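Open the model in your viewer and keep the sequence panel beside it.

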Amino acid sequence: MQVTLMQGLLIGLFAIIAGIDFWLEGLYIFRPMIVCTVTGAILGNLTLGIIAGGLTELAFAGLTPVGGTQPPNPIMAGIMTVVLAYTTGKTPSTAIGLSLPFSILMQYIILFYYSAFSVLTKKLDSYASQVETRKFARLALLPTVLVALTYGIIAFLCVYGAQEPMKALVNSMPVWLSHGFEIAGNILPAVGFGLLLKSMLKAEYVPYLLLGFTAACFIKFGNLMPVAVIGVALAFIEFYHNKKQTDNEKKLKAMVENISGNGDDNDGI
């Protein structure tokens, strides 16, 4: 399958929007689930976009920016996973492994911008001290504009300009190498979920994890919706249990305060 010029431009435009959102962390449309779905819709294969989005979202579930660190870029990973699967005919799990170089490339570009834009702070301080609001606003918006244009240009060049070399490279790979990328792509969602659990899992929630794992792996469902319903039910149970416990603690505290407040300090007892 070929990516047309109009499709390449639309993906580049969406990359600009998602790039601004990732830079400002506003609406979180930069998540792979949304990026892959929109890219698949632009390419006319929504099913491929949804499947690739689910796999890529799991792979990036635990990869979040912390402080000055920057993980592999989720936008380019999402876009290129769908595009590579669409143009080469490979499975989404194989395309995830093939998309990582593009994701890492964008990661290093953003890291470069973090360092380069630091030189603007002194000028911004000068404009702020002199109350030059227009110059301050223009200079403050400059990094966002540069980042957005970079996303659009890189995405367009990778999606449309380099599609033939990418297709030739992927098709020239031996079977064992393509199979290796497929295995790596199947492992990445488990790694991403493991990274997420490493930072979020608490000992008291382990029973819920085991229950969900058992339901998903050993009970034959047509889809995972029943597992999600079980999770929602357990969340409601936990919520109302904690709410009831909090209410009881408040009542007990009020009773203790009333008893201590009605006592007579002058009765000699």
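**Whole chain.** Colour by secondary structure. From the N terminus on, the elements read α-α-α-α-α-α-α-α-α-α-α. That is eleven helices and zero strands. Helices (H or I, at least four residues) and strands (E, at least two) are DSSP runs, numbered from the N terminus. This is a predicted model, in which local features need pLDDT of at least 70, side-chain atom pairs count only at pLDDT 80 or more, and totals for chains, interfaces and linings use all residues. Residues are numbered from 1 along each chain as its sequence is written, and side-chain values use heavy atoms, with hydrogens and water left out.

Now colour by accessibility. Of the 269 residues in the chain, 33% are buried. Buried means under 20% relative accessible area, exposed over 50%, partly exposed in between (1.4 Å probe, protein chains only).

**The α6/α7 pair.** Select residues 121-129 for α6 and 133-161 for α7. Their axes lie 8 Å apart, at an angle of about 155°. So α6 is roughly antiparallel to α7. Axes are lines fitted to C-alpha atoms, for helices over the stretch in contact, and angles run from 0 to 180 degrees between N-to-C directions. Angles under 35 degrees count as roughly parallel, over 145 as roughly antiparallel, 65 to 115 as roughly perpendicular and the rest as oblique.

Show side chains where the two helices meet. From α6, pick K123, L124, Y127 and A128; from α7, K135, F136, L139 and A140.

**The core.** Which residues touch the most other members of the largest nonpolar core? Select M76, I79, M80, V83 and Y151, out of 41 residues in that core. A nonpolar core is a set of buried Ala, Val, Leu, Ile, Met, Phe, Trp, Tyr and Cys residues joined through side-chain atoms within 4.5 Å. Helix α4 gives the most to this core, with nine residues.

Zoom in on M80. Leaving out residues up to four places away in sequence, M80 touches S99, F102, C158, V159 and M166.

**Last stop: T150.** Go back to α7 and find T150 there. Is T150 buried or exposed? T150 counts as buried because its relative accessibility is 11%. Beyond residues up to four places away in sequence, T150 touches M106, I109 and Y113.

Key:
Contact = heavy atoms within 4.5 Å.
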